[in-house]
Amino acid sequence: MLKMLVGACALSLAASALAQDTMITPPQLSLEHQESLRQSVGVSSRSISNILRDAHRNPEQTLAFFAVQPDHTVVEVWPGAGWYTEILAPLLREEGLLIAAHFDPDSEVEFFRNSRERYQRLLTQRPRVYDRVQLAMLDYDPAHSIAEPASADRVLTFRNVHNWLAAGMDETRAVFDKFHAVLKPGGMLGIVEHRARPGTSLEDMISSGYVTEELVIELAEQAGFSLVSRSAVNQNPQDSTDHPAGVWTLPPTLRLGDENRSHYLAIGESDRMTLLFVKTDDTD
């Protein structure tokens, strides 16, 4: 009996060691790359209003977790007004490449067209910073690729998954498939998203803007990604996620105007998941 127990323990330990060996180790930036990132976060071309939000968005820690290096090709998805572009463009300008996969310039949605126009104005206003940013498009048509297949080291998306879910589950899956297609083998997908409580229904996710980690991981895995690591860098324990106007109740939107404004300002920006995935399954 004792021999059987010893043998079982040995097999268990061997299996555990094998599992550890096959786990994906989260990437780490070198000291040199950390310093490059620090300088890009502190670059003088950033707007003061954006810098003031660093306390909520933690850009240096977030991009370090995603291990973005100056020589990488990075796809920033739906960059909006360019909050992260202000940091990524100078970081990647000399040795890497930033591809901004923005809205369709011919979209039927006026907000999409106006947002892209504002972003393009940002790029032209500071050519010494943004002249090498490549503008691309992300829509829901599977036939429209973001960039050359297997060309990117990183795809990064910040607070966008709830928008794709509002468009539909098929549309959301199409977006994740595009991320997989554009990444090199071993390339990584970094996601920051408003975090819903476990068990939140899809309907409530769409209406509130908060998405469960479980669903994001499921969508990524269906597209051929594996979860590498999670970070608590963008968590906010003060956020109950239960607000009258969903996540838009909180800053920076403050959709309720002056109603309980001081209360929502004290909470700060939303509680957010920060997830890193690797392209492991070549399903293209």
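This report walks through the aromatic pairs, the pockets and the cavity of a predicted model.

## Aromatic pairs

Let's start with the rings. Searching the whole structure turns up 14 aromatic pairs. Take Phe-65 and Phe-66: their ring centres are 5.7 Å apart and their planes meet at 50°, so this pair is tilted. Phe-65 has 16% relative accessibility, so it counts as buried, the cut-off for that being under 20%. Phe-66 is buried too, with a relative accessible area of 0%.

Then there is the pair formed by Trp-83 and Tyr-84. Here the ring centres lie 5.0 Å apart with the planes at 65°, so the pair is edge-to-face. The cut-off for that label is an angle over 60 degrees. Both partners, Trp-83 and Tyr-84, are buried.

Ring pairs also build a cluster, and its members are Trp-78, Phe-103, Phe-111, Phe-112, Tyr-140, Trp-164, Phe-176 and Phe-179.

## Arginines over Trp-83

Which residues put a charge over the ring of Trp-83? Arg-46 is one of them, lying over the face of Trp-83 at 5.2 Å from the ring centre. Arg-57 is another: its charged end sits over the Trp-83 ring, 5.2 Å from the centre. So if you are looking at Trp-83 in the viewer, you have its edge-to-face partner Tyr-84, plus Arg-46 and Arg-57, to pick out around the ring.

## The largest pocket

The largest pocket holds about 860 Å³ of space.

H7 gives the most, with four residues.

Next comes the second largest pocket, with a volume of about 180 Å³. Twelve residues line it, and Pro-142, Ser-145, Asp-177, Lys-178 and Ala-181 lie nearest its centre. This lining divides into seven nonpolar, two polar and three charged residues.

How many cavities of 30 Å³ or more does the structure hold? There is one, and the largest cavity has a volume of about 40 Å³. Its lining is made up of Arg-57, Tyr-84, Phe-158, Arg-159, Val-192, Asn-234 and Arg-272. By type, that lining comes to three nonpolar, one polar and three charged residues.

Arg-272 is worth a look of its own. Arg-272 lies in strand E7, which covers residues 272–279. Is Arg-272 buried or exposed? Its relative accessible area is 3%, so Arg-272 is buried. Its side chain has a polar contact of 2.8 Å with the side chain of Glu-269.

Methods: Residues numbered from 1 in each chain as written. Predicted model: local features only at pLDDT ≥ 70, side-chain atom pairs only at ≥ 80, totals over all residues. Heavy atoms only, no water. Phe/Tyr/Trp six-rings, centres within 6.5 Å; stacked < 30°, edge-to-face > 60°. Buried < 20%, exposed > 50% of the residue type's maximum accessible area, 1.4 Å probe, protein only. Lys NZ or Arg CZ within 6 Å of the ring centre and 35° of its normal. 1 Å grid on protein atoms, 1.4 Å probe; cavity = no way out; pocket = protein on both sides within 12 Å on 5 of 7 lines; lining within 4 Å. Points joined across faces, edges and corners; volume = space filled by probe spheres on them. Helix = DSSP H or I, 4+ residues; strand = E, 2+ residues; numbered from the N terminus. Nonpolar A, V, L, I, M, F, W, Y, C, P; charged D, E, K, R; others polar. Polar contact = N/O pair within 3.5 Å; in protein donor to acceptor, adjacent residues only side chain to side chain.
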